[in-house]
Number of protein chains: 2
Amino acid sequence: MTTAGPGRPRLTTRRRPGATAQAEILDAAAELFTTKGFSSTSTRQIAEMVGMRQASLYHHFATKDDILAALLDKTVSAPMDLATRLLERGEPAAVRLYALILFDAGQLMSGRWNLGALYLLPELRTDRFTQFRGERQLLRERYATLAAAVLRQLDADGTERAGLPFRIVETVISVRSDVEGGEAPCPGLGSPTLLADAGLRVLGWTDVESLRAAAGAVLAECADGD
Amino acid sequence: MTTAGPGRPRLTTRRRPGATAQAEILDAAAELFTTKGFSSTSTRQIAEMVGMRQASLYHHFATKDDILAALLDKTVSAPMDLATRLLERGEPAAVRLYALILFDAGQLMSGRWNLGALYLLPELRTDRFTQFRGERQLLRERYATLAAAVLRQLDADGTERAGLPFRIVETVISVRSDVEGGEAPCPGLGSPTLLADAGLRVLGWTDVESLRAAAGAVLAECADGD
């Protein structure tokens, strides 16, 4: 039985993946939000799916919006940490951008539920999600900073293009959505390498193969620093 | 007063853009579905927004799903017609793919509401939308056919890459969604040319400028044939 976190003892044994009751709630909510829809899901249904009283769920999350915010934050916080580190490093911008795409596409592909599909919810335009929208915009800007440095190195004009690599990473979301259900692992999803190649090619970088080993090494070093 | 189509006379004068009552219903539904959400919208709300009795709305569309299906079909039918014509033409595949992206990105950018955001609705996985999903998959395959021909011409391996141009066009949807409200015209949306360049560059085609004039000419000819 999961004992972490506040609240009463659980009604039953563990039903969902996750080391804590909170993680189980998030997994159940992610399934319901991505397969039934956010507004069609109630906190009662989430609690039932975990095998928990609704009152116990409220010890962990006060509202359904809070659950959504926690799920969304998870999709942005890890690539954001990596992007912050990468901006401080000395490798060529193309290598660092390649590494960021590899990592971010990888996490969007491998998460059990297609959480990125929730980015398009009209509910995200409300004040409750101002902070999340700000975080995601900051991540977008870090992608654009690296992409602009690549364009400068190539002596290419067209700063508009600097926005493309971030969008190419997010194509994972529509590909997953088109696969029945979208639960990972998805067949035909492509690979992070495919998208990293594409993210550099749209900037005009043709020799993408030359970046792979260096980008892999940078990722390994950043992971060691954790 | 709009008089086209069946049903009783309208309660009021025209409130929404559209030449027919049906077009007004679709415009109102598109606004509500993209700004409030599909499952949070009722047919009563749509009828009210048009200034029509709910019973009159049912003369045009029997269910809310039928309204959604009509909206979705609109986003796929025109690029599908064009893709079918392009596959029969003799220009180089790169020119034809460039033309298809220009057109399709243009219509996704200029439609008043960001209808592509509805592609990610969980409701679309139900049997009701089998036909729409099939149409969209066929469009995806036509993109891939043209892209594969470009890759062959470049002697490039990696058939996986053939799926990328379709996905790059659909990035319009997340860009619009990130702009407050997403109602066209959107600032910072980029241009169809930016995406057509990107769609060819990911395949390894570097001299994208050389395709623009020829692609424009092909589009003009296809439009003349209407």
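Modeller: A crossing is right-handed if the near helix is turned clockwise from the far one by less than a right angle. The structure discussed here is a predicted model.

Colleague: Which helix does α5(B) pass in a right-handed crossing?

Modeller: In this model α5(B) passes α7(B) in such a crossing.

Colleague: Why are α5(B) and α7(B) called roughly parallel?

Modeller: The axes of α5(B), residues 93-110, and α7(B), residues 164-178, cross at roughly 15° and come within 10 Å. Angles under 35 degrees count as roughly parallel, and the two helices therefore receive that name.

Colleague: What makes up the contact of α5(B) with α7(B), by class?

Modeller: From α5(B), residues including Leu97(B), Ile101(B) and Asp104(B) meet Pro165(B), Val169(B), Val172(B) and Arg176(B) of α7(B). By class, this contact has eight nonpolar, one polar and two charged residues.

Colleague: Why is the pair Asp27(A) and Arg112(A) called a salt bridge?

Modeller: The rule asks for a side-chain nitrogen of Lys or Arg within 4 Å of a carboxyl oxygen of Asp or Glu. For Asp27(A) and Arg112(A) the N to O value is 2.7 Å, and the pair is a salt bridge. Asp27(A) lies in helix α1 of chain A and Arg112(A) in the loop between α5 and α6, 85 residues apart, and the pair links distant parts of the chain. Over all chains, the count comes to 26 salt bridges.

Methods. Residues numbered from 1 in each chain as written. Chains lettered and ligands numbered in written order. Predicted model: local features only at pLDDT ≥ 70, side-chain atom pairs only at ≥ 80, totals over all residues. Heavy atoms only, no water. Axes fitted to C-alpha atoms, helices over the stretch in contact; angles between N-to-C directions. Helix = DSSP H or I, 4+ residues; strand = E, 2+ residues; numbered from the N terminus. Parallel < 35°, antiparallel > 145°, perpendicular 65-115°, else oblique. Contact = heavy atoms within 4.5 Å. Nonpolar A, V, L, I, M, F, W, Y, C, P; charged D, E, K, R; others polar.
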